Amino acid sequence: MGGGEGSVAREVLRHKSMEKIIMCDIDQEVVDFCNKHLTANHEAFRNKKAELEQRQEKFDIIVGDLADPVEGGPCYQLYTKSFYENILKPKIDDTGIFVTQVGPAGVFTHKEDFSSIYNTIKQVFKYVLAYTNYVPSFADTWGWVMASDQPFCLDAGKMDKKIVERIEGELLYLSGSSFFSSTILNNTITKTLKNESHVYTEDDARFIYGHGVAFRN
């Protein structure tokens, strides 16, 4: 979801076990522009495993790389409990996984949306895992949430073995240990996630306003 620039498809296609990818984006102009000009992702757009069309079958994995929930924006409804419960989850296989970016997750920014969306997803899936990492181009720590109705395996050794078996080429960053370390959250965020009670809905949404507004004196 939100894969218009093709970067997620590019990385997913490195998995030798991947049979098919369906890419969804609401902005056809973004897809066309990136297909034409973003040379790093040309192969992903042209790969026969990648498709841009509606499908009825269930998926093993759904990746949410949506735009941030902005007031008046096109996709804040795609972070709501009703969307996860009624539209997204029925599209996931019983053993499948949903993973999504959930916005800033710094000490001063994680309450904008990260904690709320984490708690919202907890209302829909049995197992929910939050993890974070610093993204230099965003000038902040960023958050993701992974969810499933089956427990996750976080054994670094097993993850490294799967990376060797399944990934084409060498990864520049990710390893079993680095992923596991990203799931260890600082005290402030851990406490917030534990106590968060807000559930993201169409009528009670939280928005990301950006540092220009959120940090105005």
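User: Hi! Is Phe 179 buried or exposed?

Analyst: Phe 179 is buried, because its relative accessible area is 13%. Buried means under 20% relative accessible area, exposed means over 50%, and partly exposed is in between (1.4 Å probe, protein chains only). This is a predicted model, so local features need pLDDT of at least 70 and side-chain atom pairs count only at pLDDT 80 or more, while totals for chains, interfaces and linings use all residues. Residues are numbered from 1 along each chain as its sequence is written, and side-chain values use heavy atoms, with hydrogens and water left out.

User: Thanks! Which residue forms an aromatic pair with Phe 179?

Analyst: That is Tyr 131, in an edge-to-face pair with 5.0 Å centre to centre and 65° between the planes. Rings of Phe, Tyr and Trp (its six-membered ring) pair if their centres lie within 6.5 Å; planes under 30 degrees apart count as stacked, over 60 as edge-to-face and the rest as tilted. The pair links distant parts of the chain, with Tyr 131 in strand E5 (residues 127-135) and Phe 179 in helix H7 (residues 176-182), 48 residues apart. Helices (H or I, at least four residues) and strands (E, at least two) are DSSP runs, numbered from the N terminus. Tyr 131 counts as buried because its relative accessibility is 12%.

User: How many aromatic pairs are there in the whole structure?

Analyst: The search finds seven aromatic pairs. One of them joins Tyr 76 and Phe 207, whose ring centres are 5.2 Å apart with planes at 80°, so this pair is edge-to-face. Here too, distant parts of the chain are linked: Tyr 76 is in the loop between strand E3 (59-64) and helix H4 (81-88), and Phe 207 is in the loop between helix H8 (187-195) and helix H9 (211-214), 131 residues apart. Both Tyr 76 and Phe 207 are buried.

User: Which residues do ring pairs link into a cluster?

Analyst: Phe 83, Tyr 84, Phe 98 and Phe 125 are linked that way. Phe 125 also has the charged end of Lys 89 over its ring, 5.1 Å from the ring centre. For that, NZ of Lys or CZ of Arg must be within 6 Å of the ring centre and within 35 degrees of the ring normal.

User: What does Lys 89 form a salt bridge with?

Analyst: Lys 89 forms one with Asp 149, and the closest N and O atoms are 2.9 Å apart. A salt bridge is a side-chain nitrogen of Lys or Arg within 4 Å of a carboxyl oxygen of Asp or Glu. Lys 89 sits in the loop between H4 and E4 and Asp 149 in the loop between E6 and helix H6 (156-166), so the two are in distant parts of the chain, 60 residues apart. At a relative accessible area of 24%, Lys 89 is partly exposed.

User: And how many salt bridges does the count come to?

Analyst: The count comes to six. Among them is Glu 196 with Arg 206, at 3.3 Å from N to O. Both residues lie in the loop between H8 and H9, so the pair ties together parts that are 10 residues apart in sequence. Glu 196 counts as buried at 13% relative accessibility, whereas Arg 206 is partly exposed with a relative accessible area of 24%. There is also a network of salt bridges linking Arg 10, Glu 11 and Arg 14.

User: Changing topic: which residues touch the most other members of the largest nonpolar core?

Analyst: Those are Tyr 84, Leu 88, Phe 98, Phe 114, Ile 121 and Phe 125, out of 30 residues in that core. A nonpolar core is a set of buried Ala, Val, Leu, Ile, Met, Phe, Trp, Tyr and Cys residues joined through side-chain atoms within 4.5 Å. H5 gives the most to this core, with four residues. A second, separate core of six residues includes Val 99, Leu 129, Tyr 131 and Met 146.

User: What does Leu 88 touch?

Analyst: Not counting residues up to four places away in sequence, Leu 88 touches Met 1, Ile 62, Phe 83, Phe 98 and Phe 125. Contact means heavy atoms within 4.5 Å.
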